[in-house]
Amino acid sequence: MSANKDFNVRWGMAIDLDKCTGCGACMVACQAENNLAPVADASNKLRVMNWLVVFELSNKKPFPDHELVYLPRPCQQCGEQPCATVCPVIATERNEDGGIVSQIYPRCIGCRYCMAACPYHARYFNWFDPIWPKGMEKALTPDVSVRPRGVVEKCSFCHHRYMAAKDKIRVGGGSVYVPGEKGRKHSAIPEDGYVTSCAEACPNGAIVFGDLNNPAHKVYRLTRGNAHAFRLLERLGTDTAVYYLSSREWVRRLGDNYLQDEETQKPKRILPNKH
Amino acid sequence: MVLDRRGFVKCIAGASAGIMATPLPWKLLDDVSIWTQSWPWIPANVRGENFVVRVVSKTCPSSAAVKVRLVGNRPVRVLPDDDHPLGGGVSALAAAEVHMLHSPARVKRPLLRGPDGAFMDISWSKAAEIFAGKLKEAGGKSAFICGDETGSIAEVISALAKGLGSEDVCLMPSEGQCAAKAAELMRIPGQIGYDLEHSDYVFAIGANIFESWGTVVRNRRIFRAATPHPDGKTRLKARFAYAGPVQNNSAVLARPWLPVYPGMQTALALGVANILIAGGRTADALDFGAFKELALRYTPKKVAQITGVDPKGLESVVNALLAAEAPLVIVGSEFGQGAGAAPVMAGFAVNALLGNINRPGGISLLPWDEAVLGGASSRSRLYANDLAARVGDWAAGGNAPSLLVVHEANPLYALPGAIPAKQAFKNIPFKVAFSSFLDETAEACNLVLPVPMGLERLDDVRTPYGSGQSIYCVSAPVAQPSEDVRPAADFLFSAAKELDLKMGAASYEDLLKSRAEGVVKTDFAALLAGTGAVSHEKIKVPEGYSLCPAVLEKNLMQASAETSFRLAPFVKLNLGTANTGIPPYNTKTLRASELEGKDMFVMMNAATTAKAGLAEGDAVTLEAGGRRLPARLRVFEGVMSDTVAVCLGYGHTALDAFSQNKGANVMELLSAVPEPATGLTVWSQAGVAVAKA
Amino acid sequence: MEKNKHSVNGDARRCSCICGAAPFFIGALTALAFGWWIFPDLLFSKQPQPFFFSHAVHVEKVGSACIDCHSFREDGSFSGLPKLAVCAGCHGDILTAEPDGKSSSEERAAYAAEKNFVENYVEGNKEIPWLVHQKQPDNVFFSHAAHFSRCYSCHLTMKGRLNFGSPTNPQKLCMNCHLSLEELDKNKAVEFNALTGYSRTTKKMGECESCHAHPGHFSNDGKGRTAANNACYTCHK
Amino acid sequence: MNVNYNLPLDAELFPEGCERCSFSQFLLWLAVVGLVLLWGLYAAFLVLSTGLGVTALDDYFGFGLWITFDLAVIALGAGAFFTGLLRYILNIDPLKNIINLAVIIGFICYSGAMLILVLDIGQPLRAWFGYWHANVHSMLTEVIFCITCYCIVLIIEYVPLILEQKQLNKNPLLHHIAHNLHVTMPLFAGIGAFLSTFHQGSLGGMYGVLFGRPYAFRDGFFIWPWTFFLFVLSAVASGPAFTVLIATLMEKMTGKKLVSYEIKSLMGKIAGTMLLVYLVFKFLDTGAWIWSIAPRSGLDFDSFFHGWIYGKWLLFSELILCGLLPCFMLLSSSMRSNPALFYLAALLDCTGIVINRYVLTVQTLAAPVMPFDRWVTYSPNWVEWAASAFVLAYGALLLSLSYRYLPVFPQEIRLNGGQAKKL
């Protein structure tokens, strides 16, 4: 297994579950941005392609003490990926500064081993060729290639926007990096210069996107030492780049499996600076 | 040499060996796999230059301000417009708008119902001819329904109607209409606005402010800006409380959510008023004395009895309101319609008691915008016409018009089942629909005139209900229409010309320009660029305004139906509107617990489910007023006791595969009764019987 | 086959003894010829450009650098082929002098060509359906900005295996992947792979990797080392 | 040449001195097999032309019947390498009487698994990426390489048997090739054993490395999780038993004695011994799973099971009913000497291993890991069954042809009266 690579930049999210109402705007924005095909009957959720899924969490208490929380689940962009390590053809890897786990459609052979490996169910398979109602393909963006049947796909943190943001800086004559503390480099992209489509769309501002390694970014402050932050399945050691925030303990406890007498864990800090 | 079998085999063997030493097999192996990258039947990326155009969505009822991203001349994305007072994020509906431009449900060309009952394609000139002929023929016996309360199109329709000698111009029922009626009765000559931007504590009673009440996207943006993220240290200050029967998208964020029976907004608001008055609060209304007397009868205990609210919870919310610097109480319908004027009046009274009328963070009294076209009714005047009552008349026979023109509205789907809209339609000999989509109403019309969607036409938005300030926005078309469509306004202007009717403006653009430059006093070009014109002008609180205690009392007296369960409809924007149906890109946002194949789920809490003798997953039939609704049951603990929660937006029979065959339309179940003393028809309280199917 | 069966006796058997491996070699040679000479022609179809466009003439008259026409947009994206509007900026009307009795045949041809262009495309407002020699597949994100700003800006003054051009001949950077002006002006038909649909001159990933797979910088070992990274996401979308 | 019209049409091609059923009877049997093959081909056509959506697989069950089937046949086909190892390397000579069958079964299992894999991957035209763009860190890569190599080895082991066909063997060149291949057979047996050990192990490793799936994840030794070794052991514990079962099935179908009972019994004893070794480790592993991996992931034993379909009975069946029980039966010589009990034990042995492959494939994916996720169930549809049946039919076809025309069973003539009819 490859070692958890430390990058100068680590794109990540802090998703505020105190703010999410589960309205679905992020899901629609994600599909539109990444050229996912619509389906007339989407009730078989095990066959529906959604890079971002909003789960419904309940405190399981009877009325009127019932509480409800919505949890949007993009690809967790693990530092220690269950998926990329098992891919037989290197169609997915985490090898680029920014720490985004790639998915290369023309390389994927569709063996679905990565899907079996991912405990977050963040990976989706093209069971059939995608079909758009006649004419609707005109609304596809040029940023993301359209996937044929037989390949696996997943959230890319809108990687194409990262590329575009870097190009904007280059054409403006700048460098894509700026020096940071302790000999680190930070991306020169301004904090709002690269955001994912879901984070951008959310009218409640529930999804905060940025560089987990950059102290100037909001996600950095929200994720370090925040007792209200947690990650999904922390104890599996996947070292995800998606943090969740909730002021409610029952929500944080649902972020991982706990034996009855175990206490809810505080989040581990993200990777220390190894330089 | 004769090639024998052995030789042939050798030859083949040689060829096989030889071919391996050429590029052929290897190149083919490689190229075949490269071919799989770009199969011709998979849509390819079409590159182009990026442009961004700022518009206000005419499709999303929240009037969300958005930016449309175009590649070349193709709109590909709807992005938020954070700098616009109506923007900040996108709704699930607005996000799907560019794809709806290519929706299979769109009307592609003018359709005329032929003698055989089937639609046939006709040309626009033929359509214009028929339309003008029918207008001339019907004259004053024409009626109009307009589904756009914020756009100037309502004014065009009204001017045309006036010209023809008809007063029958109705808007579709909305919260704005209820508020307008309330203002009228309270003798407030303006539009009630809500200055959410500056409020530090909001208590929404019924009003689902994050999904269906007012300027939803703006409301959400304000909430976003005002609420910090949890940081593990600071105790977060509660800023928002919600009272309603369902743990909906607003209730999820509320601290606390106060569960109440459906349709209990007025009583609950009076309960709040009671505590405030008991604490010494007064208002300077003319009839405050009578109001006080009424409110004092609504003690927390009594209110708890009527509404089912937890009195302690209510008290804590009122205390929070009192502790807040700029508290705001918003009272509205739980599903965006049909609650009548009384809840708004009660809400106004509570705000008056809190002393926040025309104060920052309180209720703003905004001037009504006046009509620009001579002869046209103003918006406030149009609100006064109650469609439901009129449709009832038409169905009864006598007064049915000979021509009905429906503009971007779907009354056959969106009106309560108790209102005999279908019968009314039968009684009207000729019906015309201006619609982008072939919805239930368009299907029932004789002439269907396809109109461009909001993104394809020039249109405007006048202060949407809920906004805390006057705002005027103009949207320029961002895309060429993808079908053979004509803007309704242009079509109406030319029809008027044909009939020699004076409209007071040469074209729709002319009208918008006059409004911009004459009324709003803003540069039209700047408006076209997508900047809304905001005015902070307010009207004074009128000296002699009334809290209408008599009206409130009559409404409170109205007995609720004698059925075992109460019906709580609710709205989710991702299911689209009555006009759009479920947008193609939104079917995936429907949860497995909401829809499974054709079955939609209605929700009851476990105790209620047990009381009804039902179990999770049961096929059930809801029945009210002799009308039945099939569904399946989901046990969900976020529903008030004895209440069945049902989501609107399902059960379309028209439109396309993305909307059809999905659940049933809960509007069918709703009864409609006249609201005492207001003249509005209301359908917010409905009893329902639930039985195993 | 039936016929062969009849001949399985004396004669043929002797023949096969004598010739032995001959059929084998005949088969092999035929296959070799087919695979090396005929197959490539079958695989690629040739399509001509809609009309002749001389890069040399335009370089001379309009600007010296590729990016004068194939420019970057403010958002960082690369415009690629200029739109008709750019052409129409100059060619709104026919620029070439109308030929008279003294005109050479070249002048006449130039006039005719421009007249054809102005009448058919500019006046008809019809985009020119150019065939692109190096159109990237949909799944590739080739950052012109990265290659231009990162490589070009330094390498103008440095030497290396790749030809990065010079202030007087900056096109050379582009020529590492694109056809040279001379090649382009030969107005050759563009060859498209019948199976993949990509043009013959589209770079294969291996060629990108000749630099991308050799990280590290400032090494002059002729291996085309680069600061670029070879992660899949550097180039794929 | 005299033609004896009492003999089947194709008698010329039969192995020396063996009797076979009539040609028409054989054709009838082939027709039955052919029908199943056609059914499978239709399913394959659907999958290849429209996509894997025609199966019952989904995004939670990326693996299903096909992968279970592949893993099962590869385990059961392990008789080939293990018998080869014992016969050629460890020189357990009596096994020569069953080695041919073991090789054929091995070849069928491996090539059949590869056929299924072609359907199971979404982009079969890119299948060669597995070799060309291999990710050396992936267990699946190891599987792909080893299976391919071992399949080639099996072909090499199969070829001499084909060349020994009566008519082919008359050709001196082919005769020599066959003979020389036989001489080098120990070498290939050795290579086969090496490759097999690795890919059997890697198949197990495939699951053991899934650290996101506590149901399957196992700690391990160096880079190999314990499932790596368990898969090797379980394969060798079931392969010989499966070979015996197939031999017996063929005997029942042909009505002839093909392999002497002592040989079968020997195979059974070997299987039993290996099963015992396997079970020792499997029980240790199960313990570590319950008391270490589960609590580390915040889960308990119960959270790995759900309802009836993924109930604890599966674990009980795998370990006790189809584990300890057949192990005891195979090791007890008295039970082994009773054919009915012996075959039952072999069957239980194989079933246990199939259950193991099934739960690791399907239950691993069915068990939710995120606490708010849910258990999902999977049942294959006809397309998946048809494709699997295709492989079974393909195996039946190959076995039938091999049995009819090739000298697969050295003991056949002796066991069936020994009259070598010379024609």
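Modeller: Of the 237 residues in chain C, 14% are buried, a residue being buried if 20 or more other C-beta atoms, placed from the backbone, lie within 10 Å of its own, exposed if 12 or fewer, and partly exposed in between. This is a predicted model, in which local features need pLDDT of at least 70 and side-chain atom pairs count only at pLDDT 80 or more, while totals for chains, interfaces and linings use all residues. Residues are numbered from 1 along each chain as its sequence is written, and chains are lettered from A and ligands numbered from 1 in the order in which they are written.

Chain C has 10 helices and 2 strands; these are DSSP runs, helices being H or I of at least four residues and strands E of at least two, numbered from the N terminus. Along the sequence their order is α-α-α-β-α-α-α-α-α-α-β-α. Two residues are in contact if their C-beta atoms, placed from the backbone, lie within 7 Å. Of the contacts in chain C between residues at least 6 apart in sequence, 55% join residues at least 24 apart.

Now the contacts between chains. Chains C and D do not touch, and their nearest C-alpha atoms are 12 Å apart. Among the 5 pairs of chains that touch, chains A and B have the most contacts. There, 72 residues of chain B are in contact with 59 residues of chain A. On the chain B side, strand 3 of chain B gives the most, with 6 residues.
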